[in-house]
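Visitor: I would like to learn how to read pockets, cavities and helix packing in a model. Please take me through them step by step.

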Amino acid sequence: MKTAIVTGASRGIGAATAQKLAQKGYLVIINYNNSQKHAQEVCDKINSSGGMAVCFKADVSCPKEVNAMTDYVVSTYGGIDLAVANAGIGKNAMLTDMTDEEISAIIDTNLKGVITFSRECAKSMLHHHNGNIITVASMWGQTGASCESVYSASKGGIIAFTKALAKELGANGVRVNCVSPGLIDTDINSNLTKEDKLALIREIPLSRIGSPDDVADAICWLADEKSAYITGQVLSVNGGMVI
Ligand code: NAP
């Protein structure tokens, strides 16, 4: 059975991805940090519908916790076939109003977290000459967003990291791609009012907010052998908002 780790799988895009990967036959490690109850619910849902999942708490901004998680998966299940680096946080504020702590939290979770998680998974994948890493960026990492400059920087960094790592690992049978979501209906956007959302929908050619399943389907496609000749790419899932 193939093994997949999905970071930030307790809620939103990660939870939807974990469920779809389990339906495709992966044993899924549901990584979470704060939302133990939600992570357990995702896990129970998968296990009660014939799939296989386990929860693992690890703060992706802490390399030691990331190491503990990947070591556990490799020693228990023999390797990591698929790594989905999805966990992330946002903060809507003027740069001049942001504290050092807030800046560090975003960079350490969104960018350093993706880097250290990918590094640990890549060690196992290189050993097996096979593997698949999928990072989750954002359209703001492609265009930049006002009042989300640090978030945009973290996501732009993920895109550059994905392209570089794909070149580094390709010869050893490891693919690395990025999914770049637009506006998706999850908790990360709970700060938006109904009016904010309607204004944003007017800018989306497909005239709707995306669902976690929209992004999860793109991740599952990049995980599939049908995309076997694709690496180093950024797949936008944004309803045409950013082209
Ligand atoms: P969400 O519903 O807020 O979920 C975020 C997930 O990340 C949660 O499962 C959370 O786990 C986890 N997480 C946060 N910090 C973590 C940490 N330090 N260690 C481990 N897990 C951590 O948001 P979402 O929309 O699904 O976001 C998923 C990814 O998509 C993020 O990288 C986000 O930047 C990106 N994205 C989202 C949108 C959008 O519009 N929704 C657009 C572009 C990109 P706990 O609750 O257990 O801590």
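Visitor: Which residues line the second largest pocket?

Guide: First, a caution: this is a predicted model. The lining is K2, Y26, D81, L82, N130, G131, N132, G173, R175, A223, E225 and A228. The space in this second largest pocket is about 170 Å³.

Visitor: How do the residues of that lining divide by class?

Guide: Into 4 nonpolar, 4 polar and 4 charged.

Visitor: What volume does the largest pocket have?

Guide: Start with the general idea. Rolling a probe the size of a water molecule over the atoms shows where empty space is left. Here, the largest pocket has a volume of about 1200 Å³. Its lining has 45 residues. Nearest the centre lie G88, I89, G90, T186 and I188.

Visitor: Which elements give two or more residues to the lining of the largest pocket?

Guide: Look at α1 (12-23), β2 (27-32), α5 (139-143) and α6 (149-169). The largest share comes from α1, with 3 residues. By class, the lining of the largest pocket divides into 19 nonpolar, 20 polar and 6 charged residues.

Visitor: How many cavities of 30 Å³ or more are there?

Guide: A cavity is a space where the probe fits but cannot get out, whereas a pocket is open. The count here is 1 cavity of 30 Å³ or more. The volume of the largest cavity is about 30 Å³.

Visitor: Which residues line the largest cavity?

Guide: Find T7, V60, A85, A87, T109, G113, V114 and F117. Helix α4 gives the most to this lining, with 4 residues. The classes are 5 nonpolar and 3 polar, with no charged residues.

Visitor: Now the helices. At what angle do the axes of α3 and α4 cross?

Guide: At roughly 30°, and the axes come within 10 Å. Helix α3 covers residues 63-77, and helix α4 covers residues 100-128. Angles under 35 degrees count as roughly parallel. So α3 is roughly parallel to α4. The crossing of α3 past α4 is right-handed.

Visitor: Which residues make the contact of α3 with α4?

Guide: On the α3 side, take P63, V66, N67, M69, T70 and V74. On the α4 side, take K112, T116, F117, R119, E120, C121 and S124. By class, this contact of α3 with α4 has 6 nonpolar, 4 polar and 3 charged residues. Note F117: this residue is in the α3 contact and also in the lining of the largest cavity.

Visitor: Back to α1. Is α1 roughly parallel or oblique to α2?

Guide: Read the angle first. The axes of α1 and helix α2 (residues 36-48) cross at roughly 20° and come within 10 Å. That makes α1 roughly parallel to α2. Their crossing is right-handed. A15, A18, Q19 and A22 of α1 meet V42, K45 and I46 of α2. The contact of α1 with α2 has 5 nonpolar, 1 polar and 1 charged residues.

Visitor: At what angle do α1 and α8 pack?

Guide: At about 50°, with the axes 8 Å apart. Helix α8 covers residues 212-223. This angle makes α1 oblique to α8. The crossing of α1 and α8 is right-handed. From α1 come G12, I13, A16, T17, K20 and L21. From α8 come P212, D213, V215, A216, D217, I219, C220 and A223. The contact of α1 with α8 divides into 9 nonpolar, 2 polar and 3 charged residues. A223 of α8 belongs to this contact, and A223 also lines the second largest pocket.

Definitions and conventions. Residues are numbered from 1 along each chain as its sequence is written. This is a predicted model: local features need pLDDT of at least 70, side-chain atom pairs count only at pLDDT 80 or more; totals for chains, interfaces and linings use all residues. Side-chain values use heavy atoms; hydrogens and water are left out. Axes are lines fitted to C-alpha atoms, for helices over the stretch in contact, and angles run from 0 to 180 degrees between N-to-C directions. Angles under 35 degrees count as roughly parallel, over 145 as roughly antiparallel, 65 to 115 as roughly perpendicular and the rest as oblique. A crossing is left-handed if the near helix is turned anticlockwise from the far one by less than a right angle, and right-handed if clockwise. Contact means heavy atoms within 4.5 Å. Ala, Val, Leu, Ile, Met, Phe, Trp, Tyr, Cys and Pro count as nonpolar, Asp, Glu, Lys and Arg as charged, and the others, Gly among them, as polar. On a 1 Å grid over the protein atoms alone, a cavity is a set of points where a 1.4 Å probe fits but cannot get out, and a pocket is an open set with protein on both sides within 12 Å along at least five of seven lines; lining residues have an atom within 4 Å of a point. Grid points are joined across faces, edges and corners, and a volume is the space filled by probe spheres set on the points.
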